[in-house]
Amino acid sequence: MNENNVTCKEVMSHICDSLGEELDSPKCVAIKNHLDECPDCRQYFNSVEKTIEFYKLYNLEFNPDAHNRLMNILGLED
Amino acid sequence: MNEEEIIESAKTGDRKAMALLVKSYEKTIYNFAFKICRNPERAENIMQETFLSMVKSLNQFDGKSKLSTWLYRIVANHCLMEVRKNKHQFVSTDDNEDGFYENNFASDWNLEPQNILENNELKKILDDAITKLSPDYRIVFLLRDVQGLSTEETGEITELSVPAVKSRLHRARAFLRKELNEAFKR
């Protein structure tokens, strides 16, 4: 077995790096290649990305009253 | 004026400069606090505490890190103090890691993230999942993945090494993904 061959479990344990870091090491290139060929890992990877996206987009509207209360507390009213 | 000049003016007591700094970061800080504590009222309280700390201690800000990093640290400390009071309710992410992985992909992941604000059921699923995650892991996930800070900045704020940030991030992602996967099956 080539040392750069990876299993699904290994791909999953490297998802941290593969989502946020440079992917130029031989191991990471092998992971990318594995993702291209393994539908299960690709689906897992996509679902992790979607998880992050959900939390990124889940924001509350910051209403003007909250702004006014804040400036009042800080003594910085207009 | 750039931010550095605004900070220097604010340090000398310029109220307009201080107000400018508050306005620049209030939405970000409010939403970051909400994402940690998942409660709009508590998020507003934490935001107010954070800016009170900023106004009081801006003279101690040495400019070696970004102002945003400094503010995130204050928010994180306030939130951690609060949520640790209820620590017993969180799932331990130190448990058997194999439990985070599952080969069952039957769940429906076709929901579009863009529609989240119109989907109260999805918002509840997201709230429920992240509130089960221990706050130490939650903050790493939110800083690194959601706020988009670097691994190094996340480590600086949480006082963790880079490998520790990566490890917590990995576990937090796997945990949240598993929670959502289970919720989407229902």
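1. Basis. The model is predicted: local features need pLDDT of at least 70, side-chain atom pairs count only at pLDDT 80 or more, and totals for chains, interfaces and linings use all residues. Residues are numbered from 1 along each chain as its sequence is written, while chains are lettered from A and ligands numbered from 1 in the order in which they are written.

2. Elements. Chain B contains 8 helices and 0 strands. Here helices (H or I, at least four residues) and strands (E, at least two) are DSSP runs, numbered from the N terminus. The order from the N terminus is α-α-α-α-α-α-α-α.

3. Of the 186 residues in chain B, 38% are buried. A residue is buried if 20 or more other C-beta atoms lie within 10 Å of its own, exposed if 12 or fewer, and partly exposed in between, with C-beta atoms placed from the backbone. Two residues are in contact if their C-beta atoms, placed from the backbone, lie within 7 Å. Among chain B contacts between residues at least 6 apart in sequence, 67% join residues at least 24 apart.

4. Domains. Chain B is assigned domain 1 (3-85) and domain 2 (90-185); such bounds come from an automatic or database domain assignment. The contact draws 13 residues from domain 1 of chain B and 14 residues from domain 2 of chain B. On the domain 1 side, helix 2 (15-37) and helix 4 (67-83) of chain B each give two or more residues. Helix 4 of chain B gives the most to that side, with 7 residues. By class, the domain 1 side has 7 nonpolar, 2 polar and 4 charged residues (Ala, Val, Leu, Ile, Met, Phe, Trp, Tyr, Cys and Pro count as nonpolar, Asp, Glu, Lys and Arg as charged, and the others, Gly among them, as polar).

5. Thr69(B). Thr69(B) sits in helix 4 of chain B and counts as partly exposed because it has 16 C-beta neighbours inside 10 Å. Beyond its neighbours within four places in sequence, Thr69(B) is in contact with Glu153(B), Glu156(B) and Ile157(B).

6. Helix 6. Helix 6 (residues 135-146) of chain B is largely enclosed by the rest of the structure, because 11 of its 12 residues are buried. Among them are the charged residues Arg138(B), Arg144(B) and Asp145(B). Gly148(B), which follows helix 6 of chain B, has a positive phi, near 80 degrees.

7. Lys166(B). Lys166(B) lies in helix 8 (residues 162-185) of chain B. Lys166(B) counts as buried because it has 20 C-beta neighbours inside 10 Å.
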